[in-house]
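Here are some notes on the fold, for use alongside the coordinates.

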Amino acid sequence: MTRVGKKNIAILGSTGSIGVNTLRIVGLHPEKYGVLALGAGRNVAVLLRQINQWHPRAVAVQDNETAALLRKRLSGKNPPEILVGTKGYVELATMDGVDTVVSAISGAAGLIPTYEAVKAGKRIALANKETMVMAGQLIMSEATKRNTDVLPIDSEHSAILQCLRGHAREDIKKIILTASGGPFLDMRRGEMKDVTPEQALKHPNWKMGPKVSIDSATLMNKGLEAIEAMWFFGLPMENIDIVIHPQSIVHSMVEYKDGSVIAQLGVPDMAIPISYALAYPRHMELDAGSLDLCGIGNLSFKAVDTKKFPCLALALKAARVGGTMPTVLNAANEVAVEAFLGHEIGFLKIPNLIEQIMELHEPMEVKQIEQVMKTDSWAREKARELIEKSTNGGPRGVVV
């Protein structure tokens with residue numbers, strides 16, 4: 001039963017940066033929010049600390065081995081129910097009493113729990129880009145049918161949502177997503193050939209998980225966000241622009257038909273978009289600090305170079321093709337990023353692999369979630385095959 005005066009939340013991805021920040025916000029406003037469920041991967045140490053502090057009714061972890069370790073280390077009275085895998089995440093996301101699901105599991109693994117939560121009528125605070133990239137049409141259709149909200153946690157989409165408040169949607173000319181440019185903004189493309197995962201993980205402005213950090217370094221992150229924006233705000237891709245803004249202070253903008261441009265600014269702290277998704281349409285008091293424009297001095301903007309960052313070009317191409325192509329883009333990218341982090345392929349081979357998988361795919365209209373998952377599995381299998389051939393000395397020009 002929902003506690004009077006509070007919203008109960010389930011956090012999928014509680015041990016990651018979004019989950020940790022969400023709990024930070026809950027800690028600032030315990031009178032507003034209760035933690036009913038926590039979903040994590042394999043980080044037992046952090047999850048144990050969260051359980052001891054927040055006393056959730058249930059938790060879910062990635063596999064049986066992690067569940068066994070968690071059971072062994074749990075102590076105290078009334079331990080939470082421990083669930084496992086996708087089925088466990090779905091149970092958390094659809095649990096009776098949960099008002100809001102914070103979807104922050106990285107990658108395609110977050111799609112099914114989020115989709116089922118929408119079908120169950122839960123309000124979604126969405127940090128998982130892949131959900132909208134793979135199945136944005138299905139997600140938004142179900143949300144409309146259930147009369148529930150799917151609210152963005154991404155700083156860019158949160159900014160757009162705020163810039164749209166009080167304005168007629170038909171007056172929009174375009175939305176403008178800002179991109180920091182990542183750690184290699186000032187590096188020539190040829191110089192990126194030998195960059196290491198450690199270098200790529202060092203984002204200049206944001207503290208994020210490894211997958212998102214690498215996507216930011218390749219600018220794939222911005223391509224995924226453009227596809228997200230298309231579904232979140234019901235706009236065609238030609239009405240979505242991207243500009244480089246290294247300071248990460250202007251989080252995004254909306255231009256209206258009369259030439260007016262409204263921007264949302266703030267310090268680069270993920271607590272701000274998380275709190276807005278939790279409290280929408282209200283703004284909560286936070287400890288993020290005030291923006292000191294005089295201290296910053298200058299805000300700069302420049303055009304995106306898609307030749308230097310071909311992952312962005314591939315994402316925009318997938319959006320234009322539509323259907324199952326964004327699913328293929330996303331799956332191939334996840335496999336490529338994992339391979340790069342594992343030192344199997346070089347940084348510049350990430351877009352090569354993605355492009356080859358896209359070329360092998362015959363896109364279809366997305367009609368069912370099962371079709372999306374089948375396409376996702378196909379693309380992953382093909383990507384791993386190409387990586388294996390490459391590492392085993394396969395034919396030149398065929399693999400990465």
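1. This is a predicted model. Leaving aside residues up to four places away in sequence, phenylalanine 347 is in contact with Phe184, Met192, Val195, Ala200, Ala217, Thr218 and Phe340.

2. Phe347 also belongs to the largest nonpolar core, which has 130 residues; together with Leu70 and Leu329, Phe347 touches the most other members. Helix H14 (residues 325-341) supplies the largest share of this core, with 10 residues. As background, nonpolar side chains in soluble globular proteins tend to be buried together.

3. The sheet is open and has 7 parallel-paired strands, in the order E4-E3-E2-E1-E5-E6-E7. Strands E4 and E7 (150-152) are at the edges; each has a single partner strand, so one side of each lacks a neighbour in the sheet. From one strand to the next, the twist averages 25 degrees.

4. Within that order, E5 and E6 (residues 123-126) are joined in the parallel sense over 4 bridges. Threonine 100 has arginine 123 of E6 as its bridge partner.

5. Helix H5 lies across E1, E5, E6 and E7, and runs at about 150 degrees to E6.

6. Which residues of helix H4 (residues 85-93) are buried? They are Gly85, Gly88, Tyr89, Val90, Leu92 and Ala93.

Key:
Residues are numbered from 1 along each chain as its sequence is written. This is a predicted model: local features need pLDDT of at least 70, side-chain atom pairs count only at pLDDT 80 or more; totals for chains, interfaces and linings use all residues. Side-chain values use heavy atoms; hydrogens and water are left out. Buried means under 20% relative accessible area, exposed over 50%, partly exposed in between (1.4 Å probe, protein chains only). Helices (H or I, at least four residues) and strands (E, at least two) are DSSP runs, numbered from the N terminus. Two strands pair if DSSP finds at least two bridges between them. Axes are lines fitted to C-alpha atoms, for helices over the stretch in contact, and angles run from 0 to 180 degrees between N-to-C directions. Contact means heavy atoms within 4.5 Å. A nonpolar core is a set of buried Ala, Val, Leu, Ile, Met, Phe, Trp, Tyr and Cys residues joined through side-chain atoms within 4.5 Å.
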